[in-house]
Amino acid sequence: MKKIFQYILIIILFSFWGIVLTNPESFRGALDFLKKPCSKPIKYSLGEIDPKFNLSQEEMLSITEKAEEVWEKPTGKNLFEYDPQADFKINIVFDERQERTNASKKLESQLGKLESDRENVIKEYDQLSKTYQKRLDDYNKSVSQYEERLEKYLAKVNYWNSRGGAPEDEYEDLKKEKKELDKMRNSLEAERKTINSLVGKTNTLADKENKIVENYNSNLSTYKNKYGEASQFDKGVYDGEKINIFQFNEVEDLRLTIVHELGHALGIEHLGDSTSIMYYLMGDQDMENPQLSEEDIKAVKTTCRIK
Ligand SMILES: [Zn+2]
């Protein structure tokens with residue numbers, strides 16, 4: 001039994017030196033393997049950044065620099081380093097995921113516009129209602145004034161009729177009053193028509209508002225159906241050779257995605273705490289100021305064999 005073990009050891013040793021002799025590069029590689037993990041930074045470069053993302057190389061670098069820090073500060077290690085020559089690339093690739101995001105942004109701005117349209121219509125409606133109310137009150141007052149005057153006029157006419165006719169000056173006064181009353185009635189009639197048209201206008205505005213609300217609600221339900229679910233870290237992928245990012249809304253979630261994928265590049269798998277960088281869903285982490293959770297720190301320390 002012992003003999004066999006020795007043989008195996010000798011074979012392993014021989015084959016090890018055999019590799020070293022034929023290929024000195026792999027000797028260095030073999031020694032690297034024996035070194036502590038994380039003793040050398042993972043070097044990365046920036047690959048393709050699809051112009052549809054509207055993101056410059058400089059902006060991208062400042063984002064990756066911040067993403068590096070999230071891992072490097074708590075561990076006190078230089079874990080990642082930008083090197084334009086590095087084979088390990090971070091790419092920003094445009095596909096249907098970002099197309100969806102752009103569509104959702106468009107829908108969002110449509111919703112915003114409908115909201116402000118609605119506010120404007122409501123304002124207009126309120127103003128019109130006030131005008132309507134004021135004019136209606138004035139109209140009603142004028143109508144009762146008119147009726148009062150008309151009553152007096154008719155009483156006078158009746159009075160003089162019962163006496164077989166009015167004297168000349170009274171008759172002239174009554175004629176004048178009749179003219180005035182006719183004028184009043186005409187202008188009241190015109191005002192009544194105007195007020196009625198105001199009612200029509202307010203109704204039109206109310207209809208308009210209802211339509212906007214309907215439109216808004218249908219857009220909102222489309223939005224919720226299409227884009228409402230929690231966002232998984234399928235925005236990016238680390239495949240052992242590169243990081244590809246497919247989708248982001250703002251700089252903040254792009255950065256968080258890169259931090260997450262860099263974690264995979266270190267060799268860390270998904271973790272269970274929803275606030276962890278390495279949780280499989282994005283949402284509970286601090287977007288503005290991403291930080292490792294206790295669980296993340298424990299994982300990176302285990303991976304890098306830091307005590
Ligand atoms: Zn992941």
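Select Leu46: it is partly exposed, with 16 other C-beta atoms within 10 Å. A residue is called buried if 20 or more other C-beta atoms lie within 10 Å of its own, exposed if 12 or fewer, and partly exposed in between, with C-beta atoms placed from the backbone. Leu46 lies in strand 1 (residues 42-49). Helices (DSSP H or I, at least four residues) and strands (DSSP E, at least two) are numbered from the N terminus.

The model on screen is predicted: local features need pLDDT of at least 70, side-chain atom pairs count only at pLDDT 80 or more, and totals for chains, interfaces and linings use all residues. Residue numbers start from 1 along each chain as its sequence is written.

Leu46 and Leu61 are 15 residues apart along the chain, and their C-alpha atoms are separated by 8.0 Å.

Next, select the two loops on either side of strand 1. Cys38 is in the loop between helix 2 (24-34) and strand 1, and Asn54 is in the loop between strand 1 and helix 3. Most residues other than glycine have a negative phi. Cys38, not a glycine, has a positive phi of about 65 degrees, and for Asn54, also not a glycine, phi is positive at about 60 degrees. Are these two residues buried or exposed? Cys38 is buried, with 20 other C-beta atoms within 10 Å, whereas Asn54 is exposed, with 8 C-beta neighbours inside 10 Å.

Now colour helix 3 (57-75) and helix 6 (251-266). Two packed helices are described by the angle between their axes and the distance between the axes. Helix 3 and helix 6 pack at about 50 degrees with their axes 9 Å apart. The axes are lines fitted to C-alpha atoms, for helices over the stretch in contact, and angles run from 0 to 180 degrees between N-to-C directions. Helix 3 and helix 6 are therefore oblique to each other; under 35 degrees would be roughly parallel, over 145 roughly antiparallel and 65 to 115 roughly perpendicular, with the rest oblique.

Show the side chains where the helices meet. Helix 3 brings Ile63, Thr64, Lys66, Ala67, Val70 and Trp71, and helix 6 brings Val251, Leu254, Arg255, Ile258, Val259 and Leu262.

Stay on Ile258. Leaving aside neighbours within four places in sequence, Ile258 is in contact with Ile63, Thr64, Ala67, Ile90 and Ile245. Ile258, Val259 and Leu262 have the most contacts inside the largest nonpolar core, which has 27 residues. Such a core is a set of buried Ala, Val, Leu, Ile, Met, Phe, Trp, Tyr and Cys residues joined through C-beta atoms within 7 Å. Elements giving two or more residues to this core include strand 3 (89-92), strand 6 (242-245) and helix 7 (294-304). Helix 6 gives the largest share, seven residues.

Move to Asn120 in helix 4 (residues 96-162). Asn120 is partly exposed, with 13 C-beta neighbours inside 10 Å.

Finally, select the whole chain. The chain has seven helices and seven strands, and 14% of its 307 residues count as buried.

Definitions and conventions: Two residues are in contact if their C-beta atoms, placed from the backbone, lie within 7 Å.
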